[in-house]
Amino acid sequence: MPEQTRPAGGDPTLREVLLSKGYLTVLLVSAVVGIPVSLAAFGFVSLEHELQHWVWDSLPDAVGLDEPPWWWPLPAMLLAGLLVAPVLTRLPGHGGHIPVDGLGGPPTPPKAVPGVVLAALVCLPLGTVLGPEAPLMALGSGLALLAVRGAERAAKPQLAPVLGAAGSAAAISTIFGSPLVAAVMMIEAAGLGGPQLTILILPCLVATGIGALVFTGFGHWTGLSIGALSLPSVPKAGIPDPGDFLWGIPMAAVVALVCVTGQGLGRQVKAYTTGGPDRSAAGPTARQTAVRTVLCAVLVGVCIAAYALLTGRSPEEVALSGQITLGTLVADPAAWPIGALLALVLCKAAGWGVALGSLRGGPIFPVILIGAAVGVACGPLPGFGTAPGLAAGIAAASASVTRLPVTSAVLATALLDGDAQNTTPLLIVATVTGFIVGELIRAFGRRRTAAPLDGRSRAEVG
């Protein structure tokens with residue numbers, strides 16, 4: 001692939017780059033790679049859903065239980081910790097990056113893909129409060145890089161990021177309910193502009209289109225669910241009025257506070273399990289990391305079980321990614337008492353925060369449920385409503401956690417589907433509010449961390 005250059009002096013223009021043989025080859029490879037990547041992603045998601053159904057539906061039924069009892073998450077998450085610990089400490093790639101680090105990072109090396117898949121298939125079906133998006137992106141980028149020889153990747157260092165991004169986009173092309181969400185996420189996460197953005201996004205668009213086609217067609221042919229994040233029904237929204245913004249803006253700030261606090265817990269847990277981002281020699285040994293990972297998995301199970309004990313409802317509502325619970329919540333908001341919604345938010349956020357720093361999965365899906373639950377809980381406020389509450393909650397939660405405001409607005413719009421037009425003004429304002437409040441909370445946390453202790457500098461304390 002030709003180098004990305006500035007249109008100055010003798011450098012090639014964007015038109016010359018796009019029409020060059022090397023770049024056209026990249027587009028062709030992206031289209032071709034999109035097919036096997038999408039098939040692999042389809043198989044991963046289908047298998048994960050089948051395992052999840054077996055753990056939370058078939059197995060309780062087989063032992064004579066109508067639904068999982070309150071204690072069910074405890075042995076399930078203990079098993080998840082025991083199974084995933086050796087994957088994180090012994091296999092190449094440590095099972096993928098830690099979820100609290102977000103969705104970004106360099107492309108996944110092909111040799112790390114087995115560990116990523118195994119860690120996700122161990123964690124997610126057993127109840128870990130994380131989503132499938134991060135493992136899917138790692139799977140897609142790793143498989144995409146297999147299409148190019150290692151020597152060629154070394155000779156053309158710009159090739160790996162482009163193909164890795166295209167593979168990730170193909171893998172998650174429908175997991176968010178719309179291939180457009182994946183494309184926008186790649187644009188915003190890349191942080192590029194001008195010709196560089198165009199050069200990166202075209203392969204991603206090609207790959208997402210192919211990926212969506214494969215997911216849809218193969219799902220129809222097999223009859224298996226692809227598990228896309230979607231809402232089967234959405235409450236009707238009226239014309240926006242001042243009351244929507246009067247309640248929606250402070251509610252978005254509260255959602256951001258809850259979600260960013262959960263992320264902060266995740267960073268503390270990460271430091272406990274791995275010793276920090278650089279896995280320094282002063283950090284825990286591999287054995288200590290394994291033991292601490294198991295303890296954290298059990299703590300996630302405690303958070304899930306606490307919800308069932310507090311509310312008398314199924315622990316499955318807090319466990320897992322939140323896709324199923326989100327659908328039932330939005331379909332019948334009246335069936336959820338305010339107390340149950342508050343318990344859902346607190347227990348889900350706590351379990352999610354612990355899982356972020358210790359286990360493997362994606363960070364986005366659970367916060368969508370947290371934001372939606374806060375929105376439904378605030379819906380009965382005078383002059384507000386369930387539909388605007390959902391819009392503001394989902395948008396603010398996603399923006400505060402991903403730090404990708406455009407992606408968050410597009411995702412919330414795609415979820416609300418046909419009713420998005422009336423909620424779009426509040427949705428956009430809530431996205432901005434959630435993003436800004438999240439950044440302010442992080443800045444405040446950094447200042448507190450860097451502040452002198454007892455009036456003395458860090459050097460003096462050390």
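This is a predicted model: local features need pLDDT of at least 70, side-chain atom pairs count only at pLDDT 80 or more; totals for chains, interfaces and linings use all residues.
Where is the place of Arg-403? Residues are numbered from 1 along each chain as its sequence is written, and side-chain values use heavy atoms, with hydrogens and water left out.

View 1. Arg-403 sits in the loop between H15 and helix H16 (405-416), where helices are DSSP runs of H or I with at least four residues, numbered from the N terminus. Most residues other than glycine have a negative phi. Arg-403 is partly exposed because its relative accessible area is 37%, and His-94 is partly exposed with a value of 31% (buried means under 20% relative accessible area, exposed over 50%, and partly exposed in between, with a 1.4 Å probe and protein chains only).

**View 2. The crossing of helices H14 and H15.** The axes of H14 (residues 364-378) and H15 (residues 386-402) come within 7 Å and cross at roughly 145°; such axes are lines fitted to C-alpha atoms, for helices over the stretch in contact, and the angles run from 0 to 180 degrees between N-to-C directions. On the H14 side, the residues that meet H15 include Ile-364, Val-367, Gly-371 and Gly-375, and on the H15 side they include Gly-389, Leu-390, Gly-393 and Ala-397, where contact means heavy atoms within 4.5 Å. By class, this contact has nine nonpolar, seven polar and no charged residues (Ala, Val, Leu, Ile, Met, Phe, Trp, Tyr, Cys and Pro count as nonpolar, Asp, Glu, Lys and Arg as charged, and the others, Gly among them, as polar). In the loop between H14 and H15 lies Gly-385, which counts as buried because its relative accessible area is 15%. Gly-385 and Ala-237, 148 residues apart in sequence, are 7.9 Å apart in space, C-alpha to C-alpha.

**View 3. Thr-128 in the loop between H4 and H5.** With a relative accessible area of 0%, Thr-128 is buried in the loop that runs between helix H4 (113-123) and helix H5 (133-145). Leaving aside neighbours within four places in sequence, Thr-128 is in contact with Met-77, Cys-123, Leu-320, Ser-321, Ala-355 and Leu-359. Val-300 is 172 residues from Thr-128 in sequence, yet the two are 7.2 Å apart in space, C-alpha to C-alpha.

**View 4. The largest cavity and its lining.** About 70 Å³ of space lies in the largest cavity, a cavity being a set of points on a 1 Å grid over the protein atoms alone where a 1.4 Å probe fits but cannot get out, with lining residues having an atom within 4 Å of a point. Its volume is the space filled by probe spheres set on the points, which are joined across faces, edges and corners. Among the lining residues are Gly-95, His-97, Val-116, Ala-134 and Arg-360. H5 gives the most to this lining, with three residues, and by class the lining has five nonpolar, four polar and one charged.

Definitions and conventions:
Helices (H or I, at least four residues) and strands (E, at least two) are DSSP runs, numbered from the N terminus. On a 1 Å grid over the protein atoms alone, a cavity is a set of points where a 1.4 Å probe fits but cannot get out, and a pocket is an open set with protein on both sides within 12 Å along at least five of seven lines; lining residues have an atom within 4 Å of a point.
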